[in-house]
Amino acid sequence: MTRKIVVPFIPGDGIGPEVMSVSRKAIDAAVRKTCKGSVRLIWTELAAGEAAYKIAGQGLPLETLSVIREHGIALKGPLTTPVGSGIRSLNVAIRQALDLYASVRPVKYFRGVPSPVKKPEKMNMVIFRENTEDVYKGIEWKKGSAEAEAVIRLIGSMGAAVRDDSGVGIKPISEHASKRLVRAAIKYAIRRNLPSVTMVHKGNIMKFTEGAFRDWGYELARTEFPRESITETDLVLGCDFPGKVVIKDRIADNMFQQILTRPEEYSVLATPNLNGDYLSDACAAQVGGLGLAPGANVGDSVAVFEAVHGTAPKYAGKDVANPCSMMLSGAMMLEHVGLDSAASSLVGAVEATLGEGIMTQDLARLASDINPVGTTHFAAEVIRRVG
Ligand code: NAP
């Protein structure tokens, strides 16, 4: 009997529809090749973004959210956030509405892709970034506003002097959100036999937010994964180790150095929001840039897979956008629904295509001897290599 998996998808704005269309074909090809008729994806298009504004007068119809909730997954193209119009980001709205608390970004090198570093193949990390608080909470007040003045007075009364002409922001980091994020990262490492989870924080300066993130993470590993994990400190003391995930932590500024000097020593990273924001782009840059980076926003019962780049409006409709990020996000989705072989087949086909020097202009322009191909041409080459 054929297992049918409903996959809600949002084509997105700008280059979204183009990269989504070819990615769906590549994903289908991988499923056909590896499942041999035992699984079929039922693609269900959902409205969001500019298309939804035109039809329904709103960028994120409730129906879209409820279908994603019902099926537990979605593949999403990039959505425009108009600058300065007061319309809030639909991407953030989706994450908040579905409580997608972990942003998951694997970063690995594909042979043949031009890179700014000497040994890009040493990078193979998965970044779990907290998606709901820290600076993403967006609590801040403008200089001179009544709220800013009130907060400055309040904290002044608690002994902390803040200049009167300051804008003020609040950076909350909770035990609940930190623990569920680190839990997801450790479970991911255990399931895939990965060697370590590193918490990246600035706890030397902010002890009760960033430092607490680290402390709660260690506490969680100790209480929930005592058999499956070991701390780096215990390891140094010579405790039992084989097969266990090593839990360690690094201060954020050091971590930026480590990703350049010793990337091979890191596997899964777990970070509060802002550290992860910076780190995931810095890591992606080392292996060829955002056009190659897949991503997922994951909660306890729903996961939305999406390319990490935006709508790149200047390339919309020109058949030049790089579809790799969307295709690889699709591979993450296949893995999430248990179709590991289809995921590997798709990733392998992308890798083989790039490895033969077939790439879109964003990558080709970084090398002197590669002629770029268009979006559909690149996708056809991937599909040919899937099988
Ligand atoms: P962007 O759309 O990611 O594009 C920035 C630049 O990145 C492009 O001009 C292009 O660089 C390159 N690029 C991105 N994706 C590419 C691809 N697939 N193939 C080839 N090149 C690619 O970022 P943005 O210009 O800051 O944002 C544009 C809109 O997208 C905004 O409305 C923003 O809010 C939205 N956005 C949405 C999401 C999301 O839906 N998750 C994420 C980010 C941004 P070159 O110019 O150097 O060729």
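Author: In this predicted model, Lys248 lies over the face of Tyr266, at 4.7 Å from the ring centre.

Reader: What makes Phe128 and Tyr188 an edge-to-face pair?

Author: The ring centres of Phe128 and Tyr188 are 5.2 Å apart, and rings pair if their centres lie within 6.5 Å; their planes stand at 65°, and planes over 60 degrees apart count as edge-to-face, so the pair is edge-to-face. This pair links distant parts of the chain, with Phe128 in strand E5 (residues 124–130) and Tyr188 in helix H6 (residues 175–191), 60 residues apart. The charged end of Arg192 also sits over the ring of Tyr188, 3.8 Å from its centre.

Reader: Why is Tyr188 called buried?

Author: Buried means under 20% relative accessible area, and Tyr188, at 15% relative accessibility, therefore counts as buried. Phe128, at 4%, counts as buried by that cut-off.

Reader: How do you know that the sulfur of Cys324 is too far from the closest cysteine sulfur for a bond?

Author: The closest cysteine sulfur belongs to Cys283 and is 18 Å from the sulfur of Cys324, whereas a disulfide needs a pair of cysteine sulfur atoms within 2.5 Å, so the separation is too far for a bond. The structure as a whole holds zero disulfides.

Reader: Why does Cys324 count as buried?

Author: The relative accessibility of Cys324 is 0%, and the cut-off for buried is under 20%, so Cys324 counts as buried. Cys35 is buried too, with a relative accessible area of 12%.

How values were computed. Residues are numbered from 1 along each chain as its sequence is written. This is a predicted model: local features need pLDDT of at least 70, side-chain atom pairs count only at pLDDT 80 or more; totals for chains, interfaces and linings use all residues. Side-chain values use heavy atoms; hydrogens and water are left out. Buried means under 20% relative accessible area, exposed over 50%, partly exposed in between (1.4 Å probe, protein chains only). Rings of Phe, Tyr and Trp (its six-membered ring) pair if their centres lie within 6.5 Å; planes under 30 degrees apart count as stacked, over 60 as edge-to-face and the rest as tilted. Helices (H or I, at least four residues) and strands (E, at least two) are DSSP runs, numbered from the N terminus. A charge sits over a ring if NZ of Lys or CZ of Arg is within 6 Å of the ring centre and within 35 degrees of the ring normal.
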